[in-house]
Amino acid sequence: MNIAALDPGRDKCGFAVLAGDGTVLLQQVIATAELEQEILMARQRFSFDCLIEGNGTTSQQARERIAAALPDLAVIVVDEYRTTEMARGAYWQAHPPKGWRRLLPVTMQVPPEPVDDFVAVILGHRYLQTREGEKHES
């Protein structure tokens, strides 16, 4: 079962689709204005019934737009605590600094591009880990 994950923002959103085992199938930054269309296209391509959404500042507006456009898509809200910091670390793992930047600790550097897509992946993994933990408890 695939899931989608969303880090909603005022101008841009992080969006990802993950397989049930956590494999990232799609990871991208999308314009907030195109939110519904992007989710719909990804759903047609990857077939998911569940969207994990971060609980940030603009999450309520995003949830309302998604509910209006895709009423049959279940939206589950998860805590975004420290995901931006974690996403920066994930960015530098995926794109190690080159040249003189290698000499600076990555904790002192800001990625040169948005990391919202990495946040979406982290939210999806957070949900999958929680769900896996619930399976072991029952």
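Predicted model: local features only at pLDDT ≥ 70, side-chain atom pairs only at ≥ 80, totals over all residues.
Local features need pLDDT of at least 70 and side-chain atom pairs count only at pLDDT 80 or more, while totals for chains, interfaces and linings use all residues. Residues are numbered from 1 along each chain as its sequence is written, and side-chain values use heavy atoms, with hydrogens and water left out.

Q: What makes the span of helix 3 agree with its number of residues?
A: The expected span is 1.5 Å times one less than the number of residues. Helix 3 (residues 83-94, a DSSP run of H or I of at least four residues) has 12 residues and should span 16 Å; its end C-alpha atoms are 16 Å apart, so the two agree.

Q: Why is the pair of Tyr91 and Trp92 called edge-to-face?
A: Rings of Phe, Tyr and Trp (its six-membered ring) pair if their centres lie within 6.5 Å; planes under 30 degrees apart count as stacked, over 60 as edge-to-face and the rest as tilted. Here the centres are 5.1 Å apart and the planes at 80 degrees, so the pair is edge-to-face.

Q: Which residues do the ring pairs link into a cluster?
A: Tyr91, Trp92 and Phe118. Tyr91 and Phe118 also pair edge-to-face, at 5.8 Å centre to centre and 80 degrees between the planes. This pair links helix 3 to helix 4 across 27 residues.

Q: Why does Leu103 count as exposed?
A: Buried means under 20% relative accessible area, exposed over 50%, and partly exposed in between (1.4 Å probe, protein chains only). Leu103 has 70% relative accessibility, so it counts as exposed. Leu103 lies in the loop between helix 3 and helix 4. By contrast, Tyr91 and Phe118 are buried.

Technical notes. Helix = DSSP H or I, 4+ residues; strand = E, 2+ residues; numbered from the N terminus.
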